[in-house]
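Here's a friendly walk through the salt bridges in this model. Take a look at the structure, then read on.

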Amino acid sequence: MPIIDLRNAASKIRQIVEQRKERDQPSPFFFIVGAGISRPEIPLASKIEEHCRREAEKYARTDPPRSDAPIDSYSHWMNEAFPSAVERQAYLRGLMESKPISKANLRLAHLLLDHKIARTVFTPNFDDMLTKALQLFGRHPIVCDHPLTVDRMRIQSDDTQVIHVHGSYRSEEHTSELHSLT
């Protein structure tokens, strides 16, 4: 696959979206967004990991992670700082629940409102800022934040869909399996 510059890529995306619209077909695109979209209101993983490491050290849990992979380190320190799924969920809730919606999430919500480019978002984020932003603008997306909610998702749906690939801070599933994060 050839590498193209941003201007050329945007032009091709626009063309595909317009051609699909002429045939009364939905856009084939979706967004994948990571932690940066909720920054600065919610700290990035490195800051969360640092806090968790300090919390674990209070209890003399200082053994290093099994590997140098960032995901292993993050999961290790999260589990050392908060050994119970309930405590991990409470920690994440404290980081995320009352935070204002980030500017980037508001911008993404605007892009999703008309369904021209995309109507589905995949995110590894635990926060629900995008859902809140969409609701602020009157759109109530279908949300998948737990394995039992995956049946809600439809590839050809006209609904706006937000898929939290690791769950959200509201779901309990992710808190017991933080070692599986990517």
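Which residue forms a salt bridge with Asp 128? It's Arg 170, with the closest N and O atoms 2.9 Å apart. A salt bridge here is a side-chain nitrogen of Lys or Arg within 4 Å of a carboxyl oxygen of Asp or Glu, and by this rule the count comes to nine.

A quick word on the ground rules. This is a predicted model, where local features need pLDDT of at least 70, side-chain atom pairs count only at pLDDT 80 or more, and totals for chains, interfaces and linings use all residues. Residues are numbered from 1 along each chain as its sequence is written, and side-chain values use heavy atoms, leaving out hydrogens and water.

| Pair | N to O distance |
|---|---|
| Glu 18 and Arg 14 | 2.9 Å |
| Arg 61 and Glu 80 | 3.5 Å |
| Arg 170 and Asp 128 | 2.9 Å |

Back to Arg 170: it sits in the loop between strand S4 (161-164) and helix H7 (173-176), while Asp 128 is in the loop between strand S2 (118-123) and helix H6 (129-136), so the pair ties together parts 42 residues apart in sequence. (Helices are DSSP runs of H or I, at least four residues; strands are runs of E, at least two; both are numbered from the N terminus.) Salt bridges with shared partners also join Asp 128, Lys 132 and Arg 170 into one network.

Asp 128 is buried, at 11% relative accessible area, whereas Arg 170 is partly exposed at 41%. Buried means under 20%, exposed over 50%, and partly exposed in between, using a 1.4 Å probe and protein chains only.

Glu 18 and Arg 14 are four residues apart in helix H1 (residues 6-22), about one helical turn.
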